[in-house]
Amino acid sequence: MLECAPNVARCYRFDQFALDSGTRQLLRDGKEVHVSPKAFDLLCALVEVRRALGDSAEEPTFVQTLHRFGYRFIAAVHEDIPADEEPVTPHVRHWLVWETRQIPLGNGPNVLGRAPDAGVWIDAPGVSRSHAQITVAGRDATVEDLGSKNGTFVKGERITAPYHLADGDQIRLGSVVITFRIPPPAGSTESVQSR
């Protein structure tokens with residue numbers, strides 16, 4: 001019979017093994033099996049998880065042993081989200097088109113610039129770190145220059161105050177040209193005549 005040290009924090013027996021968390025020993029048929037500290041901690045965690053869940057290695061419900069590979073969690077998991085915390089999928093109402101990229105704009109201020117933390121990162125020569133800002137409020141959006149070195153232009157004109165944007169407006173930041181887009185309201189699909 002396998003015995004664990006007396007007065008230990010935890011002692012577990014399974015098959016021919018005894019796991020003693022007090023002495024940090026793994027015994028097989030009464031003889032110590034040397035394992036790394038990480039392997040010992042992992043084994044303790046798995047045994048304690050199975051024990052707490054009332055799971056067994058022979059007929060697992062939660063933790064399955066994959067011989068020669070390790071373990072896997074096999075129970076279906078569902079996250080309960082309180083009704084008042086349910087995520088709301090934001091509807092993208094505005095975006096920018098730059099070369100082949102489409103960049104969604106969030107509600108509120110969106111800083112355009114070369115700084116890595118800019119909301120819209122445009123890493124191009126002539127673009128200042130914080131070049132311009134597009135502020136979205138519902139279906140409205142305005143652009144303003146943030147004191148950039150090379151200026152912000154809309155429809156070819158340099159702006160010096162917030163400018164109200166319309167769908168298709170081209171904005172130039174230094175040498176970079178981006179297009180402001182507003183998706184059209186959802187409507188019916190146009191029928192195509194077959195020939």
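How many bridges pair β1 with strand β2 (residues 17–20), and in which sense, parallel or antiparallel? The two strands pair over four bridges, in the antiparallel sense. Strands here are DSSP E runs of at least two residues, numbered from the N terminus, and two of them pair if DSSP finds at least two bridges between them. Within this pair, R13 stands opposite A18 of β2.

Before going on, keep in mind that this is a predicted model, where local features need pLDDT of at least 70 and side-chain atom pairs count only at pLDDT 80 or more, while totals for chains, interfaces and linings use all residues. Residues are numbered from 1 along each chain as its sequence is written, and side-chain values use heavy atoms, with hydrogens and water left out.

Back to the strands. An open sheet of four runs in the order β1-β2-β3-β4, with antiparallel pairing. Its edges are β1 (11–14) and β4 (31–33), each of which pairs on one side only. From one strand to the next the twist averages 30°, using axes that are lines fitted to C-alpha atoms and angles that run from 0 to 180 degrees between N-to-C directions.

Now follow β17 (residues 176–181). Strand β7 (residues 95–98) joins it through three antiparallel bridges, with L96 facing F180 as its bridge partner. Strand β16 (residues 170–173) also pairs with β17 in the antiparallel sense, over four bridges, and there L173 is partnered with V176. The β16–β17 hairpin has two residues between its strands, and G174 takes a positive phi near 65°.

L96 turns up again inside the protein. The largest nonpolar core has 23 residues, and L96, I122, I134 and I178 have the most contacts inside it. Such a core is a set of buried Ala, Val, Leu, Ile, Met, Phe, Trp, Tyr and Cys residues joined through side-chain atoms within 4.5 Å; buried means under 20% relative accessible area, with a 1.4 Å probe and protein chains only. β7, β11, β12 (140–145), β16 and β17 each supply at least two residues of this core. Apart from it lies another core, of eight residues, including Y12 and F40.

Finally, look at S128, in the loop between β10 (120–121) and β11 (132–137). S128 is buried, because its relative accessible area is 16%. Leaving aside residues up to four places away in sequence, S128 touches G113, R114, S148 and K149, where contact means heavy atoms within 4.5 Å. A polar atom of the S128 side chain lies 3.2 Å from the backbone nitrogen of K149.

Definitions and conventions:
Buried < 20%, exposed > 50% of the residue type's maximum accessible area, 1.4 Å probe, protein only. Polar contact = N/O pair within 3.5 Å; in protein donor to acceptor, adjacent residues only side chain to side chain.
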